Amino acid sequence: MLYLIGLGLGDAKDITVKGLEVVRRCSRVYLEAYTSVLTVGKEALEEFYGRELILADREDVEQEADSILKDADSSDVAFLVVGDPFGATTHSDLVLRATQLGIPYRVVHNASILNAVGCCGLQLYRFGETASIVFWTDSWRPESFFDKVKKNRQNGMHTLCLLDIKVKEQSLENLIKGRKIYEPPRYMTVNQAARQLLEIVENQRARGEEPAAVTEDTLCVGLARVGAEDQRIAAGTLRQMCTVDLGGPLHSLIVTGGSLHPLETEMLSLFAVPEASPASRGTGDEPRT
């Protein structure tokens, strides 16, 4: 049996009782290590679960899935995913592969960022299509995701923006030369994402494409380490999000859908970023959690 087990969003203790029972009886336990991360490392998970974990990076899951599924038709194998197992399409592919091989599977669900964003007070049924914001490079600065944000705004829907994670990535030079040398992990922050959004707004204006749906004054919400004890939330304009400091990963950014329900407005007021004076602007605000 192949078990896909969600780990939740915080630390080792966020696994469900059912998930933990499965982990402790499986012959092999894999930890997916590229779509998201917890606030604790592999060692802390192993200590709490009482099991050795096998790290599975993108290459392992997408190109070496057969090794993960090996003997899963005659023994129990667990595949652990931060959040919920189906927060990423890669894991659907693993299920399809297992089914093709005649391997039965079960899923143990858990909280994911897709529902936990409700902690900021915005109503989940008012969210539109989720967007992903990737790190720009000198030669690659995609703006296509911005169309989803604008469409959602025009329909009065909020947009959850998932921010880029770079884990076990190779530089272009090392990739071309076939050298297995990897760059240090990078995690996009709310202020980095906001700066890219703001630049897109400015670029569209320069091209004569006034992005009326989104401006510097559009209300946004930044979230960091949702589900952890040091969770942080900040609500303010897109321009304010460019300077807010929410600390370590993982971060998410919400672009609100325009008019808010009174309860949404009242909840967001709890997390409002104070207006910075010219002398203090950019020093990092302290939004409430």
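**Ground rules.** I number residues from 1 along each chain as its sequence is written. As the model is predicted, local features need pLDDT of at least 70 and side-chain atom pairs count only at pLDDT 80 or more, while totals for chains, interfaces and linings use all residues; side-chain values use heavy atoms, with hydrogens and water left out.

**Helix α9.** I took helices (H or I, at least four residues) and strands (E, at least two) as DSSP runs, numbered from the N terminus. How far apart are the end C-alpha atoms of α9? I found 24 Å for residues 190–206, which agrees with the 24 Å that 17 residues should span at 1.5 Å a residue (1.5 Å times one less than the number of residues).

Next I looked up its buried residues (under 20% relative accessible area, 1.4 Å probe, protein chains only); among them are Ala194, Leu197, Leu198 and Val201. Their cover includes α7 (146–154), β7 (159–163) and β12 (251–255). After α9 comes Gly208, with a positive phi near 80°.

**Val255.** Which residues does it contact, beyond four places in sequence? The list includes Leu197, Val149, Cys161 and Leu219 (contact means heavy atoms within 4.5 Å). Val255 and Ala194 are 61 residues apart along the chain, with C-alpha atoms 9.7 Å apart.

**Val117.** This one sits in the loop between α6 (113–116) and β6. Beyond four places in sequence, Val117 touches Leu124, Phe127, Leu160, Leu223 and Ile254.

How values were computed:
Buried < 20%, exposed > 50% of the residue type's maximum accessible area, 1.4 Å probe, protein only.
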